Amino acid sequence: MQIKSDIEKTRLYISCPICAFTLMQAEIVKSGVIKCPHCHKRISVEIIDGKVIVVPLGKNE
């Protein structure tokens with residue numbers, strides 16, 4: 001079960017910076033915009049080399 005253990009170590013959980021609702025789970029490099037289903041804010045998410053950048057965007061949509 002070494003493979004499962006390695007995957008769990010690389011898993012990242014991203015939360016909304018406004019309301020702390022869990023937005024996504026990621027295992028590889030990703031970037032994009034997610035609308036939080038809880039507070040309805042648009043959130044920009046970038047995951048690069050295991051580092052996460054989460055930024056709320058301007059207006060509600």
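## Core, hairpin and cysteines

Ser44 is in contact (heavy atoms within 4.5 Å) with Gly32, Val33, Ile53, Val54, Val55 and Leu57, once its neighbours within four places in sequence are left aside. The model is a predicted one, in which local features need pLDDT of at least 70 and side-chain atom pairs count only at pLDDT 80 or more, while totals for chains, interfaces and linings use all residues. Residues are numbered from 1 along each chain as its sequence is written, and side-chain values use heavy atoms, with hydrogens and water left out.

Ser44 is found in strand 4. Helices (H or I, at least four residues) and strands (E, at least two) are DSSP runs, numbered from the N terminus. At 17% relative accessibility, Ser44 is buried. The classes are buried (under 20% relative accessible area), exposed (over 50%) and partly exposed (in between), with a 1.4 Å probe and protein chains only. The table gives the values for selected residues.

| Residue | Relative accessible area | Class |
|---|---|---|
| Cys16 | 4% | buried |
| Cys19 | 26% | partly exposed |
| Ala20 | 55% | exposed |
| Ala26 | 1% | buried |
| His40 | 44% | partly exposed |
| Ser44 | 17% | buried |

Strand 4 also takes part in a hairpin with strand 3, with five residues between the two strands. The two strands run antiparallel and are paired over six bridges; pairing requires that DSSP finds at least two bridges between two strands. Within this pairing, Lys35 stands opposite Arg42 of strand 4.

His40 lies in the loop between strand 3 (30–35) and strand 4 (41–48), and its phi, near 65°, is positive although the residue is not glycine. Ala20 is another residue other than glycine with a positive phi, in this case near 70°. Ala20 sits in the loop between strand 1 (12–15) and strand 2 (22–26). For background, most residues other than glycine have a negative phi.

The largest nonpolar core comprises ten residues: Ile14, Cys16, Leu23, Met24, Ala26, Cys36, Cys39, Ile43, Val45 and Ile47. A nonpolar core is a set of buried Ala, Val, Leu, Ile, Met, Phe, Trp, Tyr and Cys residues joined through side-chain atoms within 4.5 Å. Strand 2 and strand 4 each supply at least two residues of this core.

Not counting residues up to four places away in sequence, Ile14 touches Phe21, Thr22, Leu23, Met24, Ala26, Val45, Ile47, Val52 and Val54. Ala26, which belongs to strand 2, is in contact with Thr10, Arg11, Leu12, Ile14 and Ile47 when its neighbours within four places in sequence are left aside.

The structure holds zero disulfides, a disulfide being a pair of cysteine sulfur atoms within 2.5 Å. Cys16 is in no disulfide, and the nearest cysteine sulfur, that of Cys39, is 3.7 Å away. Both Cys16 and Cys39 are among the residues of the largest nonpolar core. For Cys19, the closest cysteine sulfur is that of Cys36 at 3.6 Å, which is too far for a bond.
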